[in-house]
Amino acid sequence: MMALRRALLILAALGLVSGVIVTLVILSSDHENHRGAALASTLVIGWAFIGAGLFAWWRRPESSIGSLMVLTGFFWFFNGLITSDLPAVFAAGYLFSSLSYGFLIHMLLAFPDGRLETRLERAVVIGAYVDVTVLQMPQGLVVDTANLSGCDGCPPNPLLIHSYPGLFDAMNGLQALVAIVVIGGLVVALVRRWRRWTVARRRAFAPVLLAGGATLALTAGQLAAGTAGNDSVQTAFFIASLVPLALIPFTFLAGVLASRVSRAGAVSDLVAGLSDHQGDAGLRDALAEALADPSLELVYWAAETGGYVDRNGHPRELPGPQSARLATVVEHNGAPVGAIIHAGTLDDATEMVETVAGAAGLGLENERLNAELLARLEELKASRARIVAAGYEERRRVERDLHDGAQQRLVSLALTLRLARSKLDDDPAGAAQLLAASSDELEGATAELRELARGIHPAILTDRGLATALEALVNRAPLPVELDAELTRRPAPDIEAALYYVVSEALTNVTRHAAASRATVGLAEVGDQLVAEISDDGRGGADPSGSGLRGLADRVAALDGALSVENRASGGTVVRARIPLG
């Protein structure tokens, strides 16, 4: 900001010096018949644009409006150089004075946000710059200013190569035609912008556009009269155009003041509205009234999910760049608390909404906490439903495994024992063979029941703890798995069970889907949390919303923990579970 301040002070000094130089040029002119009027109009317009532009530049350095107004003011001073009796100074004024109109058109189309929004606006600006440079400057090579109509007593043109009156008239006529087309496009663009603006913005800034439009409309009349060769009408249009041109900087400053008053009024309306509106929707209604936008919506930042929710806790996306609505993020104590979604026509919202939102920050923070609580309740309900469904499915799985495995073996064993009993008297050797087969069948059933019990809750986890159970788990994995478990104490049984199944499910996913050559399992205490991390070098692409990982996330969330899944750009997946040790 200090560097900007110094630069603006330097520009202000240059503006004063330029005005003094122009004053000396005009007062010393021998061919200017109205030196007083020329001096007044040049200084008033030039200094007004430079002064207002420096103020706008200081107020909003990121916007181009300030710099465009300053350039308009500086190049307007070149009009004063046309009164000079020195050929070189006169030529500089002739060549560069029209540039002020190019910057003026650019400023009007970028006003008040400092950017060109449509193709028409960009085309008009390009056309304006072409008109005041490409179509203006070559004329200096073929015009004999000493004999130019309407320029009695002008000094000779030092840039003249050869006088071609016909070519000069043609070039001058083409420039005038292009200027009229550009001004017509400007009027169309400004009308479209007018229709998009809110009533408050029209009231604050429309005078700038009206003054600018009137200036350029009179300039178009001046060009048309000059092309027709009517010097008196041309002069009348030029003099008339100076009035609205001089008003542009002052209407700009008045608009800035009105905008500030509007923002102060909006804050006042908000404070008054908060006392009138009670209940959950009170802040939204007060903001909607303060900003005169009945469609306004409030959403709140939920830190746990890293997204926005409405006041009922339901997830909500902010409008995209192509949406007709805008979103202004609100912060409190440097952290996001929510966003105001409002009509796209409220693009004064950049300052108006931010001002009002700043006043409403504390209230929005209170509502955000309520919305975050509701969001957690919603997630808790959904998680509980998923856990119930998962428990039901697990019971069905155990039932199927018992029915299709151990139960079938036990039924077969019972039949074999009955058959052996019937042969004890008549065929002892056959009975002995059947008893041996029954023993094998009993061992198989026992093994299946042991394996089934391990799936429900491994005995080694209960007997020897999480680290040993994980070691046994990775040893059974069909791919190389490196285990790094560092525990200073044994966690609670429910934490052990949750992390065991996280590791088990993650390794199962690696084996089935990742096409990995190796995996790593880490277990460590980090602060007051126990963290399990499973990584692989596979192809990645794990879906956190899949049923397996979602079920694990629910199991971990039930212990106030969190499960995250990271698909690395270099390949592979990292599943990380964090559970407070309590």
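Axes are lines fitted to C-alpha atoms, for helices over the stretch in contact, and angles run from 0 to 180 degrees between N-to-C directions. Helices (H or I, at least four residues) and strands (E, at least two) are DSSP runs, numbered from the N terminus.

This is a predicted model, where local features need pLDDT of at least 70, side-chain atom pairs count only at pLDDT 80 or more, and totals for chains, interfaces and linings use all residues. Residues are numbered from 1 along each chain as its sequence is written, and side-chain values use heavy atoms, without hydrogens or water.

**Exercise 1.** Work out how H2 is directed relative to H3.

Step 1. Helix H2 (residues 35-59) packs against helix H3 (residues 65-76) at about 160°, and their axes are 7 Å apart.
Step 2. Angles under 35 degrees are roughly parallel, over 145 roughly antiparallel, 65 to 115 roughly perpendicular, and the rest oblique.
Step 3. Therefore H2 is roughly antiparallel to H3.

**Exercise 2.** Decide whether Glu-121 is buried or exposed, and find its contacts.

Step 1. Glu-121 sits in helix H7 (residues 119-132).
Step 2. Buried means under 20% relative accessible area, exposed over 50%, partly exposed in between (1.4 Å probe, protein chains only).
Step 3. Glu-121 has 1% relative accessibility, so it counts as buried.
Step 4. Contact means heavy atoms within 4.5 Å. Beyond its neighbours within four places in sequence, Glu-121 touches residues including Arg-193 and Arg-196.
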